[in-house]
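This briefing looks at a strand and at the charged side chains around it. Please keep the sequence and the structure at hand while reading the points that follow.

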Amino acid sequence: MALEEKIKNIIEEKIYNRIKRKVAKNEILFDNGYILGQSEDLVLTRGVSDFKFVGFSIFPKREIQKIRNNKFDNYYDKIMISEGEKEKLENKTEVDLSSWESVFQTFQKNETTVIVECENPKISSFTIGPVKKVTSKKVFIQYFDAEGYFDKKPTKIKFKHISKVQFGDPYSSVFSKYTRERALVDEKVKS
């Protein structure tokens with residue numbers, strides 16, 4: 001079965017699975033959860049950890065090496081149902097998966113805080129914040145640091161370097177409520 005058909009079946013049947021992704025020559029990563037959508041180039045998933053949903057991820061379909069659904073995954077799915085978690089599966093944020101450009105335009109319009117990762121060890125970047133600008137080849141994220149301070153200038157990220165975008169996860173959802181502008185804080189300290 002071709003990958004696209006397999007993914008279509010997984011989406012329709014709401015099958016719990018484990019996705020093996022190759023993000024660089026010698027870098028393999030795994031994602032556990034449910035696939036909710038796909039386009040020609042991108043896949044949308046809802047991640048699971050310890051029987052709880054941990055947010056949504058979008059990544060390039062070309063990274064997928066294998067999608068596993070075996071007896072262990074089926075049993076995990078049964079536990080998700082018994083715990084009342086699977087009924088929370090749906091995505092309430094409609095994301096246009098046509099391209100990275102359309103994905104980030106959706107997030108910019110909805111003022112969604114995102115985490116953009118370049119998981120290739122040669123690049124290895126983690127950028128969190130709202131989308132400020134989108135071009136045909138890049139996105140500009142207003143990064144905030146571990147103290148919640150925004151950088152003065154947005155961080156530019158080329159689409160070709162992105163291996164994963166996360167949103168709706170507890171980390172970015174909670175942290176984004178406590179962000180602040182450094183200039184405003186500095187002025188208050190001086191007065």
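Asp31 and Lys164 are both buried, and in this predicted model the two side chains form a salt bridge in which the closest N and O atoms are 2.7 Å apart. Asp31 belongs to strand S2 (residues 27–38) and Lys164 to strand S11, so the pair ties together parts that are 133 residues apart in sequence.

**Strand S11 and its neighbours**

- Strand S11 covers residues 164–167 and is covered on both faces, with Lys164 and Gln166 buried on one side and Val165 and Phe167 buried on the other.
- Strand S4 (residues 52–60) pairs with S11 in the antiparallel sense, and three bridges connect them; within S11, Val165 is the residue that stands opposite Ile58.
- Strand S6 (residues 113–118) also pairs with S11 in the antiparallel sense, here over four bridges, and Ile115 has Gln166 of S11 as its bridge partner.

**Salt bridges elsewhere in the model**

- Side chains of opposite charge can pair when their charged atoms come close.
- Counting each side-chain nitrogen of Lys or Arg within 4 Å of a carboxyl oxygen of Asp or Glu, the model has ten salt bridges.
- One of them joins the side chains of Glu63 and Arg21, with an N to O distance of 2.5 Å; because Glu63 lies in the loop between S4 and strand S5 (64–68) while Arg21 lies in strand S1 (residues 16–24), this pair ties together parts that are 42 residues apart in sequence.
- Both partners of that pair fall under the 20% cut-off for buried residues, since Glu63 has a relative accessibility of 3% and Arg21 has a relative accessible area of 0%.
- Another salt bridge links Arg68 with Asp73, whose closest N and O atoms are 2.8 Å apart; Arg68 counts as partly exposed at 28% relative accessibility, whereas Asp73 counts as buried at 2%.

Conventions: Residues are numbered from 1 along each chain as its sequence is written. This is a predicted model: local features need pLDDT of at least 70, side-chain atom pairs count only at pLDDT 80 or more; totals for chains, interfaces and linings use all residues. Side-chain values use heavy atoms; hydrogens and water are left out. Buried means under 20% relative accessible area, exposed over 50%, partly exposed in between (1.4 Å probe, protein chains only). Helices (H or I, at least four residues) and strands (E, at least two) are DSSP runs, numbered from the N terminus. Two strands pair if DSSP finds at least two bridges between them.
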